[in-house]
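The stops below follow charged pairs.

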Amino acid sequence: MPRIADIMRNEEGQVVGAVLDDGRVVSMDEVMAEVKKGNIAGVTVDVDRQGREYLRADVEM
């Protein structure tokens, strides 16, 4: 299962996509959808107090 290897930001510094360790480049919408399906390892989708979804890295022990 792929993991996020790097993130991509636009000129304003906003995260707009990710590079997976299998070489694929995906938009944040695609990342969120794939994480929700369980197709990307190492992260989960969480929701902040304003109801916005964001990625949270899984803690490995």
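**Confidence, then salt bridges**

This is a predicted model. The protein averages a pLDDT of 94, and 97% of the residues score at least 70. Color by confidence. Strand 3 (residues 25-27) has the highest mean, at 97. Strand 5 (residues 53-57) has the lowest, at 94.

How many salt bridges does the structure hold? There are five. This tour visits some of them.

**Stop 1.** Select Arg24 and Asp22. Their side chains meet in a salt bridge, 3.1 Å from N to O. Arg24 is partly exposed, with a relative accessible area of 39%. Asp22 is also partly exposed, at 43%.

**Stop 2.** Go to helix 1, residues 28-37. Select Lys37 and Glu34. They lie three residues apart in this helix, about one turn. Their side chains form a salt bridge with an N to O distance of 3.4 Å. Is Lys37 buried or exposed? Lys37 counts as exposed, at 58% relative accessibility. Glu34 counts as partly exposed, at 23%.

**Stop 3.** Glu53 counts as partly exposed, with 42% relative accessibility. Glu53 also brings you back to strand 5, the element where confidence is lowest, at a mean of 94.

Conventions:
Residues are numbered from 1 along each chain as its sequence is written. This is a predicted model: local features need pLDDT of at least 70, side-chain atom pairs count only at pLDDT 80 or more; totals for chains, interfaces and linings use all residues. Side-chain values use heavy atoms; hydrogens and water are left out. pLDDT is the predictor's confidence in each residue, from 0 to 100. Helices (H or I, at least four residues) and strands (E, at least two) are DSSP runs, numbered from the N terminus. A salt bridge is a side-chain nitrogen of Lys or Arg within 4 Å of a carboxyl oxygen of Asp or Glu. Buried means under 20% relative accessible area, exposed over 50%, partly exposed in between (1.4 Å probe, protein chains only).
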